[in-house]
Amino acid sequence: MSDETMTIVEIQNQLRKKQSERRFVHTLGVQYTSACLAMRYGADVKKAELAGLLHDCAKHMTADKLLKVCRKHMVEITPAEEKSPLLLHAKAGAILAAEKYYITDEEILSAIRCHTTGKPEMTLLEKIVFTADYIEPSRNQAPNLDKLRRSSFKNIDETVYLILKQTLSFLKKKKQPIDEHTEITFNYYRDLLKEDRHEPVKADGKDCSESS
Ligand code: DGI
Ligand code: FE
Ligand code: FE
């Protein structure tokens, strides 16, 4: 284990060298949107910034390289990831964040690892990065972005569900292989909302758990 740490600006400077301008703008967008959502929901703002900043740190890697890194680290590779290895940028990103950017916090690494497919019972930080990735300001292709941007600050569980719903319908239309985790996560959040077990939000938008 290393004692080394990097500042946000040092990490930004490294990523700027690796990423296209468009990807870097997206990266900063996810950093700041994650921070905003963390402020709204009472998550750790610094961790949200770091997880958002690093979520796509392996996005520049080729399919071969992603497979190589994941095999070396004994990461489980799903059938969809075999067919579409670029999906592995999330799992490889968690490895790179630890090895190259000295991130040791498992909550941050986990938010990076599951940012593409999501997973059932995501932590608040994981839901924040998953959502910020989809709604950050430079995204402009997905349908209903205005609605999702508003709903993300009202009910994050419902927004996670709506994002997964749109992603699955996009993948089906494009005849892309669907990862089992994307499907399982969608089913989990659909059922969660049906059973009304999601994080309660008062009419004024505040969590019921907030004391003041
Ligand atoms: O890396 P980004 O482009 O910022 O965003 P991302 O990591 O969420 O990746 C987005 C792409 O991943 C988008 O085109 C949808 C795709 N995706 C999400 N779940 C699955 C998937 N692609 C396949 N083939 N299968 C999935 O289950
Ligand atoms: Fe990504
Ligand atoms: Fe991204």
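Buried, in this talk, means under 20% relative accessible area. The model is a predicted one.

Let me start with the metals. Take H115 first. Its relative accessible area is 2%, so H115 is buried. H115 gives its NE2 atom to the iron ion, ligand 2. Along the chain they read D-x32-H-x25-H. So what does the histidine pair connect? H89 sits in helix 6, residues 89-99. H115 sits in the loop between helix 7 (106-113) and helix 8 (124-135). The pair therefore ties together parts that are 26 residues apart in sequence. H89 is buried as well, at 6% relative accessible area.

Which residues hold it? The protein donors are H26 (NE2), H55 (NE2), D56 (OD) and D133 (OD). They lie 2.2 Å from the iron ion (ligand 3). The spacing here is H-x28-H-D-x76-D. H55 has a relative accessible area of 0%, so it is buried.

You will have noticed D56 in both lists. D56 bridges the iron ion (ligand 2) and the iron ion (ligand 3). The two ions lie 3.5 Å apart. Is D56 buried or exposed? Its relative accessibility is 2%, so D56 counts as buried.

Next, helix 3, which covers residues 45-54. Why call it largely enclosed by the rest of the structure? Because eight of its ten residues are buried. Those are K47, A48, E49, L50, A51, G52, L53 and L54. Note that K47 and E49 are on that list. What do the buried residues of helix 3 pack against? They pack against helix 1 (8-18) and helix 2 (21-41), and also against helix 6, helix 7 and helix 8. Look at the start of helix 3 too. There, a side-chain oxygen of D44 comes to within 3.1 Å of the backbone nitrogen of K46.

On to a serine. S151 belongs to helix 9, residues 145-152. At 11% relative accessibility, S151 counts as buried. Which residues does S151 touch, once neighbours within four places in sequence are set aside? Its contacts are Y41, I156, T159 and L162.

Last, two backbone points. Most residues other than glycine have a negative phi. Here are two with a positive value. The phi of N144 is near 60°, and N144 is not a glycine. N144 is placed in the loop between helix 8 and helix 9. Its relative accessible area is 46%, so N144 is partly exposed. K175 is not a glycine either, yet its phi is positive, about 55°. Where is K175? In the loop between helix 10 (156-173) and helix 11 (180-194). K175 has a relative accessibility of 74%, so it counts as exposed.

To recap the metal site: D56 bridges the two iron ions, ligand 2 and ligand 3.

Technical notes
Residues numbered from 1 in each chain as written. Chains lettered and ligands numbered in written order. Predicted model: local features only at pLDDT ≥ 70, side-chain atom pairs only at ≥ 80, totals over all residues. Heavy atoms only, no water. Donors = N, O, S within 2.8 Å, 3.2 Å for Na, K, Ca; no water. Helix = DSSP H or I, 4+ residues; strand = E, 2+ residues; numbered from the N terminus. Buried < 20%, exposed > 50% of the residue type's maximum accessible area, 1.4 Å probe, protein only. Contact = heavy atoms within 4.5 Å. Polar contact = N/O pair within 3.5 Å; in protein donor to acceptor, adjacent residues only side chain to side chain.
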